[in-house]
Amino acid sequence: MTKIRKAVFPVGGLGTRFLPATKASPKEMLTVVDKPLIHYAMEEARAAGVEHFIFVTSRGKTALEDHFDRHFELEETLARRGKTAELEALRAWQPKLGQVSYVRQPEALGLGHAVLCAKELVGDEPFAVLLPDDMVLADRPCLAQMAEAYADVGGNMFAVMDVPREHTQRYGVLAPGATNGRLTEVRGLVEKPKPEAAPSTLSVIGRYILSPRVFHHLETQERGAGGEIQLTDSLAKMIGEVPFHGFAFDGVRYDCGDKIGFLEANIAFALARPDIGPKLAPFIAQVAAKL
């Protein structure tokens, strides 16, 4: 059984779609209910058995680094005020010594370039990539679902979902082969195709489990769509080299890189919380009735 021990979080983006909120604060620190996006991503990775969390950052991301660091003054204040539950909850999710690494992405050259920056930290073993902008509300975390399936097939795998054909130019899109349960064989992969040229509507979202062989292709640093080094382009070259599957996850994905998707995620995750949902639902119904 292949255990996925390492996860890469590409968090070097500028978050321009959320200005001015992201002018001085990383977009990954935007909160859904009461936790930052990056916090959810780390929790999902941990639930899949990940032990080493690798953040590919850039300038202006110190708030993200501080979030996962110890805050001695805060801990001391909570202890002094007798807030034991809050203190224990804080310590429960903080990474252990040596579990977190940071590497800088010197230029914004695309997702493939960000993943390449993590090469020396990943080493020669399969690894996960999580994009915090993509949130999945599910009974079982998306990456945990994938890790279980990956143990049987290996190679490369990414989470996929059907999208409206007019949206294919926002995603990497599969040319699908045989389907076995939630797994679909990948016979081709196209980055952001126009709707009329898309080989299907089965599209990649921000969850990957990858063979370390992907680095051999990323190192060529060939430019693709948008003049960036696209991860999808390197993965497409690996078709036939290793097993390659799209995984149809169980859950609902929210695009938190988009303002509407971000607001939808806040509502959906809040409604799913037993401490918040019962109080929030009547208010939402009341507001909807007035529209």
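The second largest pocket is lined by Glu65, Phe68, Asp69, Arg70, Arg91, Gln94, Pro95, Lys96, Leu97, Gly98, Val100 and Tyr102. A pocket is found on a 1 Å grid over the protein atoms alone: it is an open set of points where a 1.4 Å probe fits, with protein on both sides within 12 Å along at least five of seven lines, and lining residues have an atom within 4 Å of a point. The volume of the second largest pocket is about 270 Å³, counted as the space filled by probe spheres set on the points, which are joined across faces, edges and corners. Its lining divides into 5 nonpolar, 2 polar and 5 charged residues. Here Ala, Val, Leu, Ile, Met, Phe, Trp, Tyr, Cys and Pro count as nonpolar, Asp, Glu, Lys and Arg as charged, and the others, Gly among them, as polar.

This is a predicted model, in which local features need pLDDT of at least 70 and side-chain atom pairs count only at pLDDT 80 or more, while totals for chains, interfaces and linings use all residues. Residues are numbered from 1 along each chain as its sequence is written, and side-chain values use heavy atoms, with hydrogens and water left out. The pLDDT is the predictor's confidence in each residue, from 0 to 100. Its mean over the chain is 92, and 98% of the residues reach 70 or more. Among the elements, H9 has the lowest mean pLDDT (89) and strand E6 (residues 127–130) the highest (98). Helices (H or I, at least four residues) and strands (E, at least two) are DSSP runs, numbered from the N terminus.

Now to the largest pocket. Its volume is about 1,500 Å³. Of the 50 residues that line it, the closest to its centre are Arg17, Lys27, Leu131, Asp133 and Lys192. Helix H5 (111–117), strand E8 (156–162), strand E11 (202–210), helix H9 (231–236) and strand E13 (252–255) each give two or more residues to this lining. E11 gives the largest share, 4 residues. By type, the lining holds 20 nonpolar, 15 polar and 15 charged residues.

Lys192 has a positive phi of about 50°, although it is not a glycine. Lys192 counts as partly exposed because its relative accessibility is 39%; buried means under 20% relative accessible area, exposed over 50%, and partly exposed in between (1.4 Å probe, protein chains only).

Val33 also has a positive phi, of about 65°, without being a glycine. Its place is the loop between E2 and strand E3 (35–36). At 26% relative accessible area, Val33 is partly exposed. Pro20 lies in the loop between strand E1 (6–10) and strand E2 (31–32). The peptide bond from Leu19 to Pro20 is cis, with omega near 5°.

Helix H1 (residues 37–47) is mostly covered, with 8 of its 11 residues buried. Among them are Leu37, Ile38, His39 and Tyr40. Just after H1, Gly49 takes a positive phi of about 95°.

Aromatic rings come next. The structure holds 11 aromatic pairs, meaning rings of Phe, Tyr and Trp (its six-membered ring) with centres within 6.5 Å. Such pairs link Phe9, Phe53, Phe55, Phe68, Trp93 and Tyr102 into a cluster.

Last, the cysteines. The count of disulfides (pairs of cysteine sulfur atoms within 2.5 Å) is 0. For Cys142, the nearest cysteine sulfur, that of Cys256, is 14 Å away. Cys142 is buried, at 0% relative accessibility, whereas Cys117 is partly exposed at 22%.

Note on methods:
Rings of Phe, Tyr and Trp (its six-membered ring) pair if their centres lie within 6.5 Å; planes under 30 degrees apart count as stacked, over 60 as edge-to-face and the rest as tilted.
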